[in-house]
Amino acid sequence: MTKRHQYFTALLLLSLALFVSTTSLAQQRCPLSECQYQRRQNPTRWEGVLSTPLGDNVNLVSFAVNGVTSGRVNQIPIQIPKIGSQAKVSIQAFQERDRYLLDKISSNSWTQNSTTPQTLVFNWLTNIFVRAGFDTSRLFALAIDQEDIGDVYLPVGLGKPDSSYQFILATNNYNDEFIVTAFQIKKEGSPNAIYVDDNLTYRPFHSFQWNGRDKSGNQLPDGIYELEYTTQVKLPSGNLSNRNRKYRYFRHIQSFLRK
């Protein structure tokens, strides 16, 4: 092979390497036909990778008791309260412009927890999640139940028990930065705040922890509580959006928290 041929061969190999390096991790590790979001069997559920939605609306993206360690885990138990057997449960994770989503899990895939009978368990096999290049360092979970007052968020247990609930707020495209000017928890129907916090640092995600106790450290009873949060988004133009206040109902269940 002449030096000229060697040069062009090396150039071609370099171009191919650059092309691969700019391809998303999900595309590199798992063919789209295998890892794209779709209906799957055994158990029946929808699972896979899809692009993130656009928009600057801030939402509650996770209400969970998260005891999962960072890294790659082959199986993670997902737990929900038995009263939420009809709840809509979703597990999400994000990297760059890719979003992993697991939802629409068939009701017969949940089994009663042998140690805590009031809890249902789904053993999530994470092979698609891992093959698509995701890890558990930023894992979100929601369970939404329909009750008389409307949507009520139920705690989702991920892995081992923990002593606090984790609330995570993010914008629709999981990229825009925003601040949280107020974050409050109240007993449903009460004007008095049990927990008050804020975070005035602009970032794509905001996480808050609550241990199910009042300001004096007293353990609070099970029941429906109200979450109120006010946010302001930094738009791509550099301008700030109007402040936006939202309310969400959630159910506090002491047995979900590690003593």
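Reader: Which residue in β2 does R39 stand opposite?

Author: R39 stands opposite W46 in β2. Keep in mind that this is a predicted model.

Reader: How many bridges join β1 to β2, and which way do they run?

Author: Three bridges join them, and the two strands run antiparallel. β2 covers residues 45-51.

Reader: Let me zoom out. How many helices and strands does the protein have?

Author: Four helices and 17 strands.

Reader: What order do the strands take in the sheet of ten?

Author: The order is β1-β2-β6-β5-β9-β10-β17-β16-β13-β14. The sheet is open, and its pairing is mixed.

Reader: Which strands stand at the edges there?

Author: β1 (38-40) and β14 (193-203). Each has a single partner strand, so one side of each is left without a neighbour in the sheet.

Reader: How much are neighbouring strands of this sheet turned against each other?

Author: By 25° on average, direction ignored.

Reader: Now β9. How many bridges join it to β10?

Author: Five, and those strands run antiparallel. β10 spans residues 150-154.

Reader: What holds strands together in a sheet, in general?

Author: Strands pair through backbone hydrogen bonds, either parallel or antiparallel.

Reader: Next, the sheet of seven strands. What is its order?

Author: β7-β8-β4-β11-β3-β12-β15, an open sheet with mixed pairing. β7 (111-112) and β15 (205-210) stand at the edges. Each of them has a single partner strand, so one side of each lacks a neighbour in the sheet.

Reader: Is β4 largely enclosed or left open, and why?

Author: β4, residues 75-81, is largely enclosed by the rest of the structure, because five of its seven residues are buried.

Reader: Which strands is β4 joined to, and by how many bridges?

Author: Seven bridges join β4 to β8, residues 119-125, and the two run antiparallel. Two bridges join β4 to β11, also antiparallel. P77 has N123 in β8 as its bridge partner. I78 stands opposite L158 in β11.

Reader: What about β3 and β12? How many bridges?

Author: Six, antiparallel. V58 has T171 in β12 as its bridge partner.

Reader: Change of topic. How much space lies in the largest pocket?

Author: About 440 Å³. Its lining has 27 residues, and the closest to the centre are K88, V89, S90, D103 and L142.

Reader: Which strand gives the largest share of the lining?

Author: β5, with four residues. The strands that each supply at least two lining residues are β3 (58-67), β5 (88-95), β6 (98-103), β9 (139-147) and β12 (165-171).

Reader: How does that lining divide into nonpolar, polar and charged residues?

Author: 14 are nonpolar, nine are polar and four are charged.

Reader: On to loops. Where is F134, and is it buried or exposed?

Author: F134 lies in the loop between α4 (127-131) and β9. F134 is buried, with a relative accessible area of 2%.

Reader: What is F134 in contact with, leaving aside neighbours within four places in sequence?

Author: V49, A93, F94, Q95, D98, R99, Y100 and F129. Q95 is 39 residues away along the chain, yet the C-alpha atoms of F134 and Q95 are separated by 7.2 Å.

Reader: And S164? Where is its place, and is it buried or exposed?

Author: S164 is in the loop between β11 (156-159) and β12. S164 counts as buried because its relative accessible area is 14%, and buried means under 20%. Not counting residues up to four places away in sequence, S164 touches A64, V65, Q209, W210, N211 and L257.

Reader: Last one. What percentage of the whole protein counts as buried?

Author: 47% of its 259 residues. As for contacts with a separation of 6 or more, 73% are between residues 24 or more positions apart.

Note on methods: Residues are numbered from 1 along each chain as its sequence is written. This is a predicted model: local features need pLDDT of at least 70, side-chain atom pairs count only at pLDDT 80 or more; totals for chains, interfaces and linings use all residues. Side-chain values use heavy atoms; hydrogens and water are left out. On a 1 Å grid over the protein atoms alone, a cavity is a set of points where a 1.4 Å probe fits but cannot get out, and a pocket is an open set with protein on both sides within 12 Å along at least five of seven lines; lining residues have an atom within 4 Å of a point. Grid points are joined across faces, edges and corners, and a volume is the space filled by probe spheres set on the points. Ala, Val, Leu, Ile, Met, Phe, Trp, Tyr, Cys and Pro count as nonpolar, Asp, Glu, Lys and Arg as charged, and the others, Gly among them, as polar. Two strands pair if DSSP finds at least two bridges between them. Axes are lines fitted to C-alpha atoms, for helices over the stretch in contact, and angles run from 0 to 180 degrees between N-to-C directions. Buried means under 20% relative accessible area, exposed over 50%, partly exposed in between (1.4 Å probe, protein chains only). Contact means heavy atoms within 4.5 Å.
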